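Reader: Please show me the structure. Then I will ask about its parts, one at a time.

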Amino acid sequence: MNKKFLIVTPGYDETSGGVVVLHKLCFFLNELGYESYLYPYIDSLELNSDSFISNLRDFLSWSLRI
């Protein structure tokens with residue numbers, strides 16, 4: 001079974017070392033033959049039942065599609 005990775009990260013910014021490392025990690029995992037994807041990190045201070053269910057549905061849809 002081939003492992004799949006979902007890396008949650010902000011958009012690419014060459015001045016932010018942590019972000020660069022996360023994007024490189026995705027690149028190297030793909031080079032090694034694993035399936036890895038970047039998922040955009042969205043900073044939100046509000047979490048209610050509607051947004052949680054929506055995010056959960058999106059994640060499950062993504063994970064079953066891969």
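Author: Helices (H or I, at least four residues) and strands (E, at least two) are DSSP runs, numbered from the N terminus. The expected span of a helix is 1.5 Å times one less than its number of residues. The model is predicted: local features need pLDDT of at least 70, side-chain atom pairs count only at pLDDT 80 or more, and totals for chains, interfaces and linings use all residues. Residues are numbered from 1 along each chain as its sequence is written, and side-chain values use heavy atoms, with hydrogens and water left out.

Reader: In what order do the elements of the chain run from the N terminus on?

Author: The chain has 2 helices and 2 strands. Read from the N terminus, their order is β-α-β-α.

Reader: How many Å does helix H1 reach from its first C-alpha to its last?

Author: H1 covers residues 17-31, which makes 15 residues. At 1.5 Å a residue, 21 Å is expected. The computed reach is close to that, at 21 Å.

Reader: Which residues of H1 are buried?

Author: Buried means under 20% relative accessible area, exposed over 50%, partly exposed in between (1.4 Å probe, protein chains only). In H1, the buried residues are Val19, His23, Cys26 and Leu29.

Reader: Why are they on the same side of H1?

Author: Take the directions from the helix axis to the C-beta atoms; the arc is that of these directions. The residues concerned are Val19, His23, Cys26 and Leu29. They sit on the same side of H1 because they cover an arc of only 125 degrees.

Reader: Which residues are exposed on the other side of H1?

Author: The buried residues of H1 pack against strand E1 (4-9) and strand E2 (35-40). On the other side of H1, the exposed residues are Val21 and Glu31.

Reader: Which residue takes a positive phi just after H1?

Author: H1 covers residues 17-31. Just after it, a positive phi of about 100 degrees is taken by Gly33.

Reader: Are the rings of Phe5 and Tyr34 stacked or edge-to-face?

Author: Rings of Phe, Tyr and Trp (its six-membered ring) pair if their centres lie within 6.5 Å; planes under 30 degrees apart count as stacked, over 60 as edge-to-face and the rest as tilted. That rule gives 2 aromatic pairs. For Phe5 and Tyr34, the centres are 5.6 Å apart and the planes stand at 85 degrees, so the pair is edge-to-face.

Reader: How many residues apart in sequence are the parts that this pair ties together?

Author: Phe5 lies in strand E1, while Tyr34 lies in the loop between H1 and E2. Phe5 is partly exposed at 30% relative accessibility, and Tyr34 is partly exposed at 34%. The pair ties together parts whose separation in sequence is 29 residues.

Reader: Which residue's backbone oxygen does the side chain of Ser36 reach?

Author: Ser36 lies in strand E2 and is buried, with a relative accessible area of 5%. Contact means heavy atoms within 4.5 Å. Leaving aside neighbours within four places in sequence, Ser36 is in contact with Phe5, Cys26, Leu29 and Asn30. At 2.9 Å, its side chain reaches the backbone oxygen of Cys26.

Reader: Is Thr9 buried or exposed?

Author: Thr9 lies in strand E1. Not counting residues up to four places away in sequence, Thr9 touches Val19, Leu22, His23, Leu38, Tyr39, Pro40 and Tyr41. With a relative accessible area of 3%, Thr9 is buried.

Reader: How many Å separate the C-alpha atoms of Phe27 and Leu38?

Author: Phe27 has its place in helix H1. At a relative accessible area of 40%, Phe27 is partly exposed. Phe27 and Leu38 are 11 residues apart along the chain. Their C-alpha atoms are separated by 9.7 Å.

Reader: With which residue does Asp58 form a salt bridge?

Author: A salt bridge is a side-chain nitrogen of Lys or Arg within 4 Å of a carboxyl oxygen of Asp or Glu. The structure holds 1 salt bridge. Asp58 is partly exposed at 37% relative accessibility. With the closest N and O atoms 4.0 Å apart, the partner of Asp58 is Arg57.

Definitions and conventions:
A polar contact is a pair of N or O atoms within 3.5 Å; within protein, one must be able to donate a hydrogen and the other to accept it, and residues adjacent in sequence count only if both atoms are side-chain atoms.
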